[in-house]
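Biologist: I would like to learn how to read strands and helices in a model like this one. Could you take me through a few features?

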Amino acid sequence: MVFYIVGLGLADERDITVKGLDAVRGSQRVYLEAYTSLLLVPKEKLEEFYGKEVIVADREMVEMEADKILEGAGEADVSFLVVGDPFGATTHTDLELRARSAGIPVKVIHNASIMNAIGACGLQLYRFGEAISIVFFTDTWRPDSFYDRIAANRRAGLHTLCLLDIKVKEPSLECLARGKKVYEPPRFMSVNTAVEQLLEVEAKRGGGAYGPDTLAVGVARLGSDSQRIVAGTLAQLADVDFGAPLHSLVIAGDTHPIEDEYLAQFWAGSGGAGGSSDGAAAGGSSGGVVERAGGGGGGGGAAAATLPVLITMGLSHFVEKARWGLQRLGVPYVEEVHAPGFHGFAVRAAGGRRSVPCLRLPTPPTDADAGTLPGPRCLDGSTSILRWADEQAAAAASVEGRAPSPPLFPPGAEGAEVERLCTEFDRRLGPAVRRWAYSHLLYTPSIATAMTASPAPGVNVPTLEWLALRCGGWLLLRSLMQSGLHITPEGGAAGLQTIHHVFDDVADLLADGRRYLTGDRFTAADLTFAALAAPAVGQPYGTAPGLGPDMPPTMRAQVEALRGHPAGQFALRLWAAERDVVLRGPDGPVAGAAARY
């Protein structure tokens with residue numbers, strides 16, 4: 001006969017698979033393992049649904065009396081039920097090996113477990129590193145071996161699933177010392193306790209693996225109708241009431257824009273915080289932005305009304321400059337993308353002039369401790385947005401009682417040089433790159449698609465604008481762009497010449513061996529150059545594909561030459577080293593989650 005190891009899933013008696021239910025109902029004896037995890041319903045519910053008596057197998061029976069469980073399995077079917085998936089704990093592997101060594105056929109029936117269902121929080125499973133366990137601290141035993149694994153995961157940009165301690169039918173150490181076996185009341189570690197212990201270990205070890213401002217996700221009763229998911233900093237999660245067990249915790253590594261968008265609905269303090277993934281699916285994105293990502297989520301919901309709105313259009317390197325600055329400084333925002341030609345109406349409606357990027361600001365807070373600075377209703381231009389983001393980051397640091405991150409616009413003589421370079425790049429490089437690129441791409445079939453594509457998950461061009469551009473409007477827009485932006489072969493050639501002149505100027509600045517344009521730190525000058533040079537060096541951004549298959553051969557040859565230029569190599573290095581950095585303190589970059597769309 002067969003020894004079945006059956007996964008039960010996460011929540012209640014109905015989570016068992018059809019195959020698992022058939023095995024249980026056909027078994028002579030049915031055991032329920034009840035110490036590595038627990039269902040959220042009593043044993044009697046299982047017995048009623050399965051139509052079988054269920055024997056509870058505690059730690060002592062599984063680890064010390066496994067032969068009793070396997071007894072008779074060679075003559076009749078026996079089922080061993082495991083909450084989650086059978087291979088979620090090493091104990092179950094050992095039980096299978098014992099059965100096979102005894103010549104008993106074994107069949108494993110899988111199910112969902114915390115190891116895969118944790119994807120419900122929006123963090124992608126392939127971006128998880130090694131999982132850890134956190135046990136209850138005692139006065140004399142405070143193990144911290146998990147710290148090194150969290151540190152290793154975060155160095156690799158990976159998330160860490162923290163499995164929290166469960167104490168069921170556990171003898172107390174004091175009674176064991178006296179030779180008695182008295183069991184302690186059941187205990188289940190909460191997210192709050194786990195955060196408290198994690199921060200205690202960080203304070204003791206001091207390695208900077210994580211801290212109070214580290215992004216994390218708390219999960220309670222995953223898979224049940226009452227599941228709760230809350231994203232926030234560790235400090236924020238410490239104050240959240242997650243309710244009844246079971247709880248789990250994820251310490252986030254680097255996050256992808258899709259992860260940021262999904263997490264936004266669960267952000268602590270937002271309208272969607274604490275909701276279930278089912279609720280999110282029914283209602284769509286609730287808006288809001290995950291703090292570590294610095295923004296870029298889709299709009300909508302109550303949270304969006306309190307966030308700045310970045311009005312954009314596809315294929316704009318000036319827009320990418322604004323995104324980069326906002327995300328680097330951790331300033332949350334919502335992006336509102338429009339089709340070319342229509343973006344001007346949205347900008348003017350916001351109080352701006354005509355061009356993007358334009359940042360529409362919410363009503364300034366009246367509370368002096370709100371953590372933002374009052375300002376105009378609308379900010380025009382990428383450099384103005386970077387200056388504002390610098391001010392916002394400094395204000396937030398002041399409210400949080402920490403030293404500010406290194407600014408994009410430093411004070412003194414260096415700041416004056418940064419301002420000069422930004423003005424020069426905005427005035428010469430940006431328009432030249434645009435004119436040169438469009439002279440090649442304006443008649444490329446994929447250009448209309450790129451101009452109406454989504455620059456980020458959940459950020460879409462309005463349907464009417466998309467239809468207008470696709471149904472004849474593109475021909476009119478192309479004609480207007482040719483005349484308004486001087487998009488001609490001669491204009492493209494002149495643009496390329498200007499690009500080379502600016503690249504030569506940048507190479508001259510770097511010739512003395514400096515790491516960045518004004519010295520040893522990254523500033524708005526470096527950001528501006530790298531963002532505006534992106535099309536010229538084939539760097540993908542927004543909806544721009546970079547060195548894609550549709551790039552005309554002449555343009556590709558010019559891009560390859562610019563990539564080989566010292567300034568082109570410098571731009572590519574900045575994209576690789578700096579685009580995914582989010583600053584959260586005076587010591588510079590934190591392993592970042594800024595979006596490279």
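Modeller: Gladly! Let me start with one term: a residue is called buried when its relative accessible area is under 20%. Keep in mind, too, that this is a predicted model.

Biologist: Thanks. Which residues of E2 are buried on one side and which on the other?

Modeller: On one side they are Arg29, Tyr31 and Glu33, and on the other Val30 and Leu32, which leaves both faces of E2 covered.

Biologist: Through which helix does the chain cross from E2 to E3?

Modeller: Through helix H2, residues 43–50; this β-α-β crossover is right-handed.

Biologist: Now for another sheet. In what order do the strands around E13 come?

Modeller: The order is E14-E13-E15-E16, an open sheet of 4 strands with mixed pairing. An edge strand pairs on one side only, as E14 (334–338) and E16 (378–380) do. From one strand to the next, the twist averages 25°. Within this sheet, E13 (residues 309–313) and E14 are paired in the parallel sense over 5 bridges, with Ile311 opposite Glu336 of E14.

Biologist: Which helix lies across E13, E15 and E16?

Modeller: That is helix H16, residues 382–400, and it runs at about 125° to E16.

Biologist: Helices next, please. What should I know before I look at one?

Modeller: An α-helix has 3.6 residues a turn, so residues three or four places apart point the same way. Now turn to helix H21, residues 524–533, where 10 of the 10 residues are buried. Among them are Asp526, Thr528 and Phe529.

Biologist: Which helices do the buried residues of H21 pack against?

Modeller: They pack against H14 (317–328), H16, H17 (412–441), H20 (489–510) and H23 (566–578).

How values were computed: Residues numbered from 1 in each chain as written. Predicted model: local features only at pLDDT ≥ 70, side-chain atom pairs only at ≥ 80, totals over all residues. Heavy atoms only, no water. Pairing = 2+ DSSP bridges. Helix = DSSP H or I, 4+ residues; strand = E, 2+ residues; numbered from the N terminus. Axes fitted to C-alpha atoms, helices over the stretch in contact; angles between N-to-C directions. Contact = heavy atoms within 4.5 Å. Buried < 20%, exposed > 50% of the residue type's maximum accessible area, 1.4 Å probe, protein only. Right-handed = clockwise from strand over helix to strand, strands pointing away.
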